[in-house]
Amino acid sequence: MNLRGTRLAGLGWAAPERRVTSAEIEASLGLEPGWIERRTGIRERRWAGDGDTLSGLAVAAGEQAMADAGLDRAEIGLTLLATSTPDQLLPPTGPLVAHRLGLTRSGAVDLAGACGGFLYALALAEGHARLTGKAALVIGANILSRRINPAERASSVLFADAAGAVVVAPDADPSRGVVASALAADGAGYGLVGIPAGGSSMPFAADLPIEDTLMAIADGRGLFLEAVRLMVDCAREVLAEAQVAPETVDRFVPHQANARIFAAVGAKLGVRDAAMASSIADFGNSSAATIPLTLALSHQARPIAAGETLLLAAAGAGMTGGALLIRA
């Protein structure tokens, strides 16, 4: 096998037009003005309109990433869609997205990895590009506003809708791409957050309470602590494996779960504040979409230069997550 590296050849993002301010949600929940931003860092978020679909958001982000990459569509050998809110439970939405993007020579599938799903998808895409010499399109997308229980404060203040996309292309330099990876899961935290109904253990039924089909956070403090622990442990592992000092990381792109969570992770790791990339204030928490969305926005503000060191980390429902260290 020829040794290959990879590069982030293109980045893109998309979000619904509708902006929902934290002030609107505070008024509906009877919260004091400013409470949401103080607790989460969110000023506003995007929520889908009646005509928006998950596949539509994913296609828009994918189109932007493909245009940025400038690759022929025949060069894309794999399309991975990280989502917890597909268009339908069956079939997967990934093949539809690939079809709409004109990726006729690409395999396509969904990954339901919750907030950590994009990292898993990116790790798979990296391996595919190195093995086959073909590029891969990785999209993280969610429409979580349709799964919010408006009576539950914990989820009402956090969740949002967006998509982000990355084209991972093979590169002749084997030192480029993912240089260290740590993916983790802890099923002991399985019940901390989730949507109870709709799977095989609690299928849809005529008498099913609507609340069981919506997002529920059972233990917010427990989720906070476990997310910080998992992200810190995995990030430390990849930094140690690659022998990279945290203060030399050029961009730290954490999952935008809650500003307090990723600030705590950054502080524990010793990553510079200036290296932190964040989109939560304007876009909220869209689960698997937040890392590619934030990466694309950061790239638009200041293009990622060759040789930069990027640290990505996530944790979420399951519990599942991890960290990737990338040399651009």
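**Notebook: salt bridges**

I looked up Arg 229 and found it partly exposed, with a relative accessible area of 33% (buried means under 20% relative accessible area, exposed over 50%, partly exposed in between; 1.4 Å probe, protein chains only). The model is predicted: local features need pLDDT of at least 70, side-chain atom pairs count only at pLDDT 80 or more, and totals for chains, interfaces and linings use all residues. Residues are numbered from 1 along each chain as its sequence is written, and side-chain values use heavy atoms, with hydrogens and water left out.

I then looked for the partner of Arg 229 and found a salt bridge with Asp 233, the closest N and O atoms being 3.6 Å apart (a side-chain nitrogen of Lys or Arg within 4 Å of a carboxyl oxygen of Asp or Glu). Asp 233 is also partly exposed, at 40% relative accessibility. Both residues lie in helix 7 (residues 220–242), four residues apart, about one turn of the helix (helices are DSSP runs of H or I, at least four residues, and strands are runs of E, at least two, numbered from the N terminus). I noted a network of salt bridges that links Asp 186, Glu 226, Arg 229 and Asp 233.

I next checked Glu 126, which is buried at 8% relative accessible area. Its side chain meets that of Arg 130 in a salt bridge, 2.2 Å from N to O.

Finally, I recorded the salt bridge between Glu 44 and Arg 19, 3.0 Å from N to O. Glu 44 lies in strand 3 (residues 44–46) and Arg 19 in strand 2 (residues 19–21), so the pair ties together parts 25 residues apart in sequence. Glu 44 is buried at 17%, whereas Arg 19 is partly exposed at 47%.
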